Amino acid sequence: MNSSTFDNLLEDFNILESWEDKYRYIIDLGKDLEMLPEEFKIEKYRVLGCASQVWFYPTISEQNDQKFFSFKADSDALIVRGLIQILSIIYN
């Protein structure tokens, strides 16, 4: 269940009718999230104020005089991993 584009993600959400199905879908997305290397699971990259453990590693790269934002992130909670995957689909 790996949606690679925002359009795929939106289509999948529109098909699901109940909040329970959407919740399970988000969890399934979290299972597909690539694990963040342990070297980034440090206090410097931890998201403060979140009930779960969340680490966020942003990067800005430059190609042809344009800057691009991307990130890697991880969490100890599957639902949060799914939300990270959604953000990754939108922004990366």
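At what angle do helix 1 and helix 2 pack, and how far apart are their axes? In this predicted model, local features require pLDDT of at least 70 and side-chain atom pairs count only at pLDDT 80 or more, whereas totals for chains, interfaces and linings use all residues. Residues are numbered from 1 along each chain as its sequence is written, and side-chain values use heavy atoms, with hydrogens and water left out.

Helix 1 (residues 6–15) packs against helix 2 (residues 19–31) at an angle of about 150°, the axes lying 9 Å apart; axes are lines fitted to C-alpha atoms, for helices over the stretch in contact, and angles run from 0 to 180 degrees between N-to-C directions. Helices are DSSP runs (H or I, at least four residues) and strands likewise (E, at least two), numbered from the N terminus. In the contact (heavy atoms within 4.5 Å), Leu9, Asp12 and Phe13 of helix 1 meet Lys22, Tyr25, Ile26 and Leu29 of helix 2.

The axes of helix 2 and helix 3 come within 7 Å and cross at roughly 80°, and the two helices are therefore roughly perpendicular to each other (65 to 115 degrees). Helix 2 contributes Tyr23, Ile26, Ile27, Leu29, Gly30 and Lys31 to this contact, and helix 3 contributes Leu78, Ile79, Arg81, Gly82, Leu83, Gln85 and Ile86.

Strand 2 (66–75) and helix 3 (78–91) each supply at least two residues to the lining of the largest pocket.

Key
Parallel < 35°, antiparallel > 145°, perpendicular 65-115°, else oblique.
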